[in-house]
Amino acid sequence: MAKGDKKKKTEKTTPEQSLSTFLSNDSHAGVVSEPHVLDEESGHDVMTASFSSQPPLADKQLERSDDAFHEVPVLPNIIVQRYEGEKHLEQFHGEGVAYFQGGHVYKGMFSVGVMHGHGLYTWADGVKYEGEFAFNVPMGHGTYTWLDGSCYEGEVCSGIRHGVGTYRCANSSVIYRGQWHHSKRHGKGTIYYNQEATSWYEGELVNNNREGWGVRCYPSGNLYEGQWRNNVRHGEGRMRWLQLGQQYSGIWENGVQHGQGTHTWFLRRVTGSQYPLRNEYTGDFVQGLRHGQGSFYYASGALYKGEWKDNKKHGQGKFIFKNGRIFEGEFVDDHMAEFPAFCLDGSNTPDLSGIRTHTPHPEDGKRAPGGDSGSGPALLGPDMALDITALLENLPENQRDLQLKQVEFVVLRHIAELRAIYSFYSSLGHDQSPDNTFLLSRLQLWRLLKDCSIHQQGITLAQIHSPFSTMLLRRFLSCVVVLAYNTYHKDIEASDTILVACLSKLMRENIIPNAKNVKGLLFPNPMHAVIAVNYIGRCWEIYKAFCRANPTPLADQTMTVRHFIWMFKDLSLFDAELTTGKLLEILSVENPAACDRYYCNLDLECSKQYQNITWRYVGSLSC
């Protein structure tokens, strides 16, 4: 290219379209029901109405206009006025500097008369591009820089942003990292809306808009995760208002709740109690309001189930008071039609003398835990009452009351340790709880049993079914008593204190020395456990499907090590890295009896927990 010659035009050099729709306004009213709505900027109450007002969906001044985003300039039809640098056969070749008509300057590599290789192009207005060129076109990896400090760094194709890159806006502190397609944010990406990175979106985008699945965190800490369409919540999703202690999970339409969903108001429980406190509505929503059929569960234990209209009980319904009394009939404007002055807040037990109610049917009730009602008042409170009726039936009838009283004394003596153990194991695999509530699952109970080596006493974990079913503290205490008897009753001479002796031995030799010393692969690392628990549901589905297809004589839905290896083979999971020997090595970490240097026990029971932890460990290898 000689001095004065016209430079070749770049291909596909049309200017990028404006990015003005990138950060559209995300403030939409219409989320239903909360007792006290707080303005997220001031923190003051803006409305007080019982479960009828609408918490703000988005923080104010969250997302600014995209006008602050710069377009990538194009290379104009430029004429080289002066060239300084290396040449070959009278052509620009090697390193050099070209000064173009209009004040544009290029400094970098040339090849056979064209810009080719690494270089820096500066437009007359000060905008710069530094990166790779291919035949006069910015191509590959490069950085655009504007006069105000804004910049783009990433992949460039034919002079436009295309691929993976990061844009930083100096004026608004907005940062986008992710995929680009023909100069638009398109694909997976993350947007940070403020310098502190407390306001962000991570997920899918289509043509600069949030569309698909994504997570939006607002400056207040409020969080939405779910489906989007055209920059608004649309489809299935969950919104959490952390400071307000509320959550909605269900269907959204154009930014508001519309369809089936559940709205929960979390109440902080008393420290040391495992009972959740929450008000919760499950049912139909129309344009952000409870409308249609739905059930409202009050923290006090009261329940309304029936028709709703504009956030109020309206139509036919049933109200169950916390004392068990029931009213069925018509409701109008949140009140019983027959008794319009009657309060139905569900939190207090009002005078029912003038209201037609009825008690639940006898078949709906349950027998009080603990066995015979004639055994006298229980030593333990209702939250710790033992239900060991089946166990007491194994003892002489004249000893049952005495045995129950004695074992209650032992439970009281160890209640501090047992409460702490329940609280510790029930929190395994959980990052946080909105209402400070954790219920012990059977999966976590298995972990306790294995940590305390109780499973080595002839107790098979296959006798416990779903790993996700939970138990309250009183059920946990009853299980400990039953396990103690089944573990040690053959080692102790029969007497009128056999339950006390078995429980005391279990506490002394197994639970107290070993509890909270978490072993295995799933729970020892808290962060890994939180991530792994997200996949346990799918593991459980695979486990049940395989057990149904391969029944064993041991029990329904059990699996041996042999079957587990066969399953991996059927799923074509073995390769050069994950071999049968490696899988046995992983299994032996949880249970050394599975395999050692000389012998493998392929008929060993492979429990649900066993499978879950192995899936998780194998998954970490593949990562």
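Two strands pair if DSSP finds at least two bridges between them; strands (E, at least two residues) and helices (H or I, at least four residues) are DSSP runs, numbered from the N terminus. This is a predicted model, in which local features need pLDDT of at least 70 and side-chain atom pairs count only at pLDDT 80 or more, while totals for chains, interfaces and linings use all residues. Residues are numbered from 1 along each chain as its sequence is written, and side-chain values use heavy atoms, with hydrogens and water left out.

Q: What is the bridge partner of Gly235 in β17?
A: Strand β16 (residues 232-241) runs antiparallel to β17, and seven bridges join them. Their hairpin has four residues between the strands, where Gly245 takes a positive phi near 70°. Within this pairing, the partner of Gly235 in β17 is Trp252.

Q: Which residue in the turn between β22 and β23 has a positive phi, and of about what value?
A: Strand β22 (residues 312-320) pairs with strand β23 (residues 326-332) in the antiparallel sense over six bridges, with Phe319 standing opposite Phe327 of β23. The two strands form a hairpin with five residues between them, and the turn residue with the positive phi is Gly324, at about 95°.

Q: Are α2 and α6 roughly parallel or roughly perpendicular to each other?
A: Axes are lines fitted to C-alpha atoms, for helices over the stretch in contact, and angles run from 0 to 180 degrees between N-to-C directions. The axes of helix α2 (residues 400-413) and α6 come within 8 Å and cross at roughly 20°. Angles under 35 degrees count as roughly parallel, over 145 as roughly antiparallel, 65 to 115 as roughly perpendicular and the rest as oblique. The two helices, α2 and α6, are therefore roughly parallel.

Q: How many nonpolar, polar and charged residues are in the contact of α5 with α6?
A: Helix α5 (residues 473-488) packs against helix α6 (residues 498-514) at about 95°, with the axes 8 Å apart, which makes α5 roughly perpendicular to α6. Their contact (heavy atoms within 4.5 Å) is made by residues including Val480 and Tyr488 of α5 and Leu499 and Glu509 of α6. Ala, Val, Leu, Ile, Met, Phe, Trp, Tyr, Cys and Pro count as nonpolar, Asp, Glu, Lys and Arg as charged, and the others, Gly among them, as polar. By these classes, the contact of α5 with α6 has eleven nonpolar, one polar and two charged residues.

Q: Which residues of α5 make the contact with α3?
A: The axes of helix α3 (residues 415-426) and α5 come within 11 Å and cross at roughly 115°, which makes α3 roughly perpendicular to α5. From α3 the contact is made by Ile415, Leu418, Arg419, Ile421 and Tyr422, and from α5 by Leu473, Phe476 and Leu477.
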